[in-house]
Amino acid sequence: MGFKHFFSRKKSREIAKDRLKILLISDRVNCSPEMMEMIKTDIAKVISKYMQIDTKSMEIQISKTGVKGHDGKMPTLYANIPILDLHSK
Amino acid sequence: MSEVIVVTSGKGGVGKTTTSANVGTGLAAMGKRVVLIDTDIGLRNLDVVMGLENRIVYNLVDVVENKCRIKQALIKDKRHPSLYLMPSAQTKDKTAVTPEQMVRMINQLREQFDYIILDCPAGIEQGFKNAIAGADRALVVTTPEVSAIRDADRIIGLLEANDFKQIDLVINRLRPDMVKRGEMMSASDVIDILSVPLIGIVPDDENVVIATNQGEPLVGNNTLAGRAYQNICYRVTGRETPFLEFEKSFSFWTRVSGIFRKN
């Protein structure tokens, strides 16, 4: 472990949380992290047509605790996209 | 009215059997009529955790194959007169029983017991399907580790797909010192990720190993884990019970104010 690394080291608790969040998204939709990444870039591309967004900090997530569908809980896709400028470029 | 609870986790070695034994024993100590069913056919363990391994004559497979009556397979606990164990078979494999047979057996047991607790095998195959078939609610056991939480999430998804209305989470082997150092996920981290209600947190406690060595569940005794399991039993019956002190990540100041509150 290098000197600089020692001070900037992220605690393993945070690392575990971050890894799980990504892992469970793909587990829950039954699709690979690569595909989730592709969905994310595609969404970003479409929204970017209309407004400036922060693509780096945007998040997408599939959650089971979403709206009630006709047969119980329906998985829902949540996208958290920070808008930098509402007006188009 | 009886309630059938399956104790499951997906991943092996997180404490399903220990949880089953302690919750069953704790409920019996509260005066409830309880039967513990070991559904892990081929790898039975609940009998040794309960210290009843020398009393087995018939087992679950004998019952479903009609080689004996249910009553003959039930082993009475050493300490609690209202607690019984239905041991699993050691020499058969999981395909020896079907979900339909399990449901039939459980429905017969409902008449005689307040709580029927099913100790589920690891995995999501036949053994899991057998164990959840006749259950009303589930206790999902996990530890604050990435692999166990991932499997718990999978299990919760499968339980929801099977129309389970009540799924509660037991977080096992939590180490408050490591959480404080930022090297272990806290209980609230785990709940955030899994988004199911929490029914108990059991700290990592060497007394669990000692209790297992002796074949005597530690629920209700004055160890951290014993108290934690006791509280889970209260919550299972619907009694509201505050979480133990180690379960909160308290700061120096709340600890100081806690000292004053005691006086």
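This is a predicted model: local features need pLDDT of at least 70, side-chain atom pairs count only at pLDDT 80 or more; totals for chains, interfaces and linings use all residues.
**View 1. Where chain B meets chain A.** Here 14 residues of chain B are in contact with 15 residues of chain A. On the chain B side, α7 (146–161) and α9 (187–194) each put in at least two residues. The biggest giver is α7(B), with 7 residues. Sort the chain B side by class and you get 5 nonpolar, 3 polar and 6 charged residues.

**View 2. The sheet of chain B, strand by strand.** Eight strands line up as an open sheet, in the order β3-β4-β2-β5-β1-β6-β7-β8, and the pairing is mixed. Out at the edges are β3 (75–76) and β8 (198–203) of chain B; each has a single partner strand, so one side of each has no neighbour in the sheet. At the β3(B) end, the partner is β4 (residues 83–86), joined in the antiparallel sense over 2 bridges. Look for Lys76(B), whose bridge partner in β4(B) is Tyr84(B).

**View 3. Strand β2 of chain B and the strands beside it.** All 5 of the 5 residues of β2 (residues 34–38) are buried, so this strand is largely enclosed by the rest of the structure. Val34(B), Leu36(B) and Asp38(B) point one way, while Val35(B) and Ile37(B) point the other way. β2(B) pairs with β4(B) in the parallel sense over 4 bridges, and Val35(B) sits opposite Tyr84(B) there. With β5(B), the pairing is again parallel, this time over 5 bridges. Asp38(B) faces Asp119(B) of β5(B) in that pairing.

**View 4. Two helices packed on the sheet of chain B.** Helix α9(B) packs on the sheet and touches β6 (137–142), β7 (166–174) and β8 of chain B. Its direction makes about 145° with that of β7(B). Helix α11 (residues 224–236) lies across β7 and β8 of chain B, and runs at about 170° to β8(B).

**View 5. Helix α6 of chain B and what covers it.** Of the 8 residues in α6 (residues 126–133), 6 are buried, so the helix is largely enclosed by the rest of the structure. The buried ones are Gly127(B), Phe128(B), Asn130(B), Ala131(B), Ile132(B) and Ala133(B). Their cover includes β1 (3–8), α5 (99–110), β5 (115–119) and α7 of chain B.

Terms used. Residues are numbered from 1 along each chain as its sequence is written. Chains are lettered from A and ligands numbered from 1 in the order in which they are written. Two residues are in contact if their C-beta atoms, placed from the backbone, lie within 7 Å. Ala, Val, Leu, Ile, Met, Phe, Trp, Tyr, Cys and Pro count as nonpolar, Asp, Glu, Lys and Arg as charged, and the others, Gly among them, as polar. A residue is buried if 20 or more other C-beta atoms lie within 10 Å of its own, exposed if 12 or fewer, and partly exposed in between; C-beta atoms are placed from the backbone. Two strands pair if DSSP finds at least two bridges between them. Axes are lines fitted to C-alpha atoms, for helices over the stretch in contact, and angles run from 0 to 180 degrees between N-to-C directions.
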